[in-house]
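Good morning. Please have a look at the structure on the screen before I start.

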Amino acid sequence: MIEVNDRKVAWREGMTVSDLLAEMEDSHPYPVVRIGDKYVSRPNFDKTPVPDNSQVFLIPMIAGG
């Protein structure tokens, strides 16, 4: 299992950040996610594995002025 923003999600071998978002059916355009202490940007979602027992934080884009 992994934890995504305090929600338990089933983990599977070879899961990437893109796979995780697809399985969660989350279409929000997150520019960055954090896996533990490591930040991963959108261009790397397809090639970044999510380790079992990870804490993943989905970081939405925030704009303001």
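Predicted model: local features only at pLDDT ≥ 70, side-chain atom pairs only at ≥ 80, totals over all residues.

Start with the strands. β3 covers residues 32-35 and β4 covers residues 38-41. The two run antiparallel, and four bridges join them. To find one of these pairings, take V32: its bridge partner in β4 is S41. Between β3 and β4 there are two residues, and the whole arrangement is a hairpin. In the turn sits G36, with a positive phi of about 65°.

Next, the loop between β2, residues 7-9, and α1, residues 17-23, where T16 is found. Is T16 buried or exposed? Its relative accessible area is 13%, which is under the 20% cut-off, so T16 counts as buried. What does T16 touch, leaving out residues up to four places away in sequence? The answer is F45, D46, T48, P49 and V50.

Now the salt bridges. The count is three. One of them joins the side chains of K8 and E3, at 3.5 Å from N to O. K8 is exposed, at 56% relative accessibility.

R12 meets D19 in a salt bridge at 3.4 Å, N to O, and R12 also meets E23, at 2.7 Å, N to O. As for accessibility, D19 is partly exposed at 25%, R12 is partly exposed at 36%, and E23 is partly exposed at 41%.

That is the end of my part.

Methods
Residues numbered from 1 in each chain as written. Heavy atoms only, no water. Pairing = 2+ DSSP bridges. Buried < 20%, exposed > 50% of the residue type's maximum accessible area, 1.4 Å probe, protein only. Contact = heavy atoms within 4.5 Å. Salt bridge = Lys/Arg side-chain N within 4 Å of Asp/Glu carboxyl O.
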